[in-house]
Amino acid sequence: MTLKILVGGYTSIITALLYTPNGSGTGSLSQLSQSNAGTNPSWLALNPSNSSILFANQETDGGSIWSFEINPTTAALKKKSAGSTGGNAPAHFAVLSGGGNEIVAANYASASTIDMVLKSDRKTFSSTTGPMITYTGSGPNSGRQSAPHPHQVIEYIANKELLINDLGSDKTWRLSRSSSGAWTNSGYIQHTAGSGPRHGVTLDGNLYTLHELSNTLTQRTLPALGSSTASRLIATLPVIPPGADNSTLFAAELLLSPKNCMYPTQYLYATNRQDTDPNGDTIAIFSLNPLKLVKHVRTGLKAIRGAAIGGPNGEYLVAGGQNGGGVVLYKRTSGGAALTELARYSNLSSGELKSTSSTPSHLYNHTATMDFDNSDFLLISTLSMDDKDTPTPKQATEPPAAQDPTPTESTKPTFSGKPDESLMDFLQAIQKLAFDQDRVSDERWIAGYVGTCLTGDALLWYTTLDDRSRNSWFRLRKALVNRFPPQLGPTPTLTSGMIPMRHASTGPMLSPSFGGPPIPEERNPNELKGRIEIFAPEKNLWLGYMATLYVNVGTICGVGTDKDTANLVTFVPDQDGKPFQLSHGNMTPADFNYPYMGVALDEPGSTQVPQPSIPPFPYLAPPAPQFTGYPPPGSLGCSCRLGCPIPPSTLPPMSSPFSPAVQPVQPQPRSEGNEVPTWSIKPCTESRKDARCPRASKTNSVWEKAAAAVWTYDPESKEMGIVWLNDDGSEEKLNFFVSKPTPGSFDYNTRLFLQKAQDGASVVETSGDSAPQPQKFPVKLFFVPEE
């Protein structure tokens, strides 16, 4: 995959680099563009709600933050707005989550932080700001700690607070919101005197802090605000390589790798600066639990200020040298415990920074950083250049109109929600535009653009949506289809091999009138909402989230590593411990009639899928695959098939809307090894409450046997479970398993399924004449409330 890298620093430009793989495991870095970016853009950050918007600080007296629009093709920047930080030398800022309309900046030279507000477009600064918070204190290092120097703003979402690392007073300040919503100083964590806390990260109730002056990495507990428990120091480790002179080196950046199926183990990466070794500065890699140094990686860079982790699974790490070496891109290997160089770009001229009379020279010893926001952009601010070496910046101009794929106002697609408008045409136009802009995978950009295309009733409805729906094209598209359902047309004419698309119902979907927003639903106060994480205890691996996966073999429920596309579930735990139903989000239009996540029994011995002739019935689902090796519907030859404690002989045969030609084939004897009942998690209707078939549900397959009221929840451990009602009325707990994909199928998703405890450990698959290799392993499901 290609990767765009934006490089800032103590210059007047931001440079865009492009990484292009060469097919042999490495690649090359080349310059895409350069854009004017003011003065000293030493910290860069994307808007979490719209990755086409970049923010860069102006680290000068009378500091400010500028916003830019990023050209998706050239990565050139176009300035949109500027906001004052109310202080001098803003070294760092954080664009807060929850809408991307709030920025908190830290003024290093003025010992203050300020809350800056963005307008609804999330790129224009409002004149309204929150109160300025000033800090007091000092440290024993008179040259660097004569006054407070707030150096970083960390959004600690778990505790709904901000952490401000103060290099000057050896403190991490803790900010919380007051009843008015303004940030207020609520205390601090004291670090070792003279250590100079610079950057940090949080994980599992711990604060990891990189100290610039002592060149150490510390781990501390992070108790809740207001707790009587003080922060406890757990570990302190040096970050510089053995034998290096501690007095001449200065630690700079600290990164925490993401956790996913590709990289289930997390690591910390700390950069060092000003090493005299001819092979350049090092990046120190640390493992967690316990905190331990893994290795040092020599980079060939001089004064590594910034580094960032990025890529779809966090597989890349990029770093830059302020005083030499350029920019180097690594691949994280050995599960993240090592770095392998992929490409290096050395054409950015470097040199010692020249301080000015109004800016003390020591100011430049602690800034420059990098960030990544799960887009195709890596952001790095590391470089300084001598005036004589600085290339002439290329003005960030827009491409000519004939080449710019962005539509003009006259050709821009619009949608107002009127009955005579086609939502399908509008969605198709948006998809084509995203393809032309090379933005098909940028959910936030598409969703943000669609917001500018809505008018009339559709715009009024749009303003009632929550931020998650407005910031995700996946969610917004589903909400549009649900709110403004396409009108059913005449029966389609089928050609050979075509299967008619099934609508969400057999008739037009009912929806509120177009005149106003939908009526909000009343919510049960005991209702829980969140996601389900999947963990493999035997392997001690976090695999990802439960997600509905749409692959080449159809719809399955499995493991997804993207939190935004994971199933957002809601449920009300039963006070008596009885199985309950669990509703799910992330639905496609075809799932609107199946709002619950239940289980469906897979038929053992499925060996072939005949393709029957489909009669031209409009908007009906095709019949389910006709498997061999099981009795047809109505005979119920297998226990635990329908969750119905009624003797099979008393049940009437199932009816079908299709001709006898497409009825299931006659039962055949089952072969040995085909008798293990296996269940899959699928969208279902509500479990029926009539006495004949309690808990039975329907899926989009007319032949499937399923149940929705099967879930259990342990409020203490947060573990989710499944209980199946057998035909004889007994209940049995099922165990979860994950199967590895087979070659030639879906190569990045894994299927989630269930089996009885006594069956789960008995089945293995073989590969050729090798020893039997397990193709599945047990997992546990845990509920994680939505933050």
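Visitor: What makes strand 23 and strand 24 a pair?

Guide: Two strands pair if DSSP finds at least two bridges between them; strand 23 (residues 282-287) and strand 24 are joined by six bridges in the antiparallel sense, so they are called paired. The model is predicted, with local features needing pLDDT of at least 70, side-chain atom pairs counting only at pLDDT 80 or more, and totals for chains, interfaces and linings using all residues. Residues are numbered from 1 along each chain as its sequence is written, and side-chain values use heavy atoms, leaving out hydrogens and water.

Visitor: Which residue in strand 24 stands opposite F286?

Guide: That residue is L293.

Visitor: Why are strand 21 and strand 24 said to stand at the edges?

Guide: The open sheet has the order 21-22-23-24, with antiparallel pairing. Strand 21 (254-256) and strand 24 (292-298) each have a single partner strand, so one side of each lacks a neighbour in the sheet. Strands are DSSP runs (E, at least two residues), numbered from the N terminus.

Visitor: By how many degrees are neighbouring strands of this sheet turned against each other?

Guide: The average is 20 degrees, direction ignored. Axes are lines fitted to C-alpha atoms, and angles run from 0 to 180 degrees between N-to-C directions.

Visitor: How do you know that strand 5 is joined to strand 6?

Guide: Six bridges join strand 5 (residues 50-58) to strand 6 (residues 64-70), and the two run antiparallel. F55 has S67 in strand 6 as its bridge partner.

Key. Helix = DSSP H or I, 4+ residues; strand = E, 2+ residues; numbered from the N terminus.
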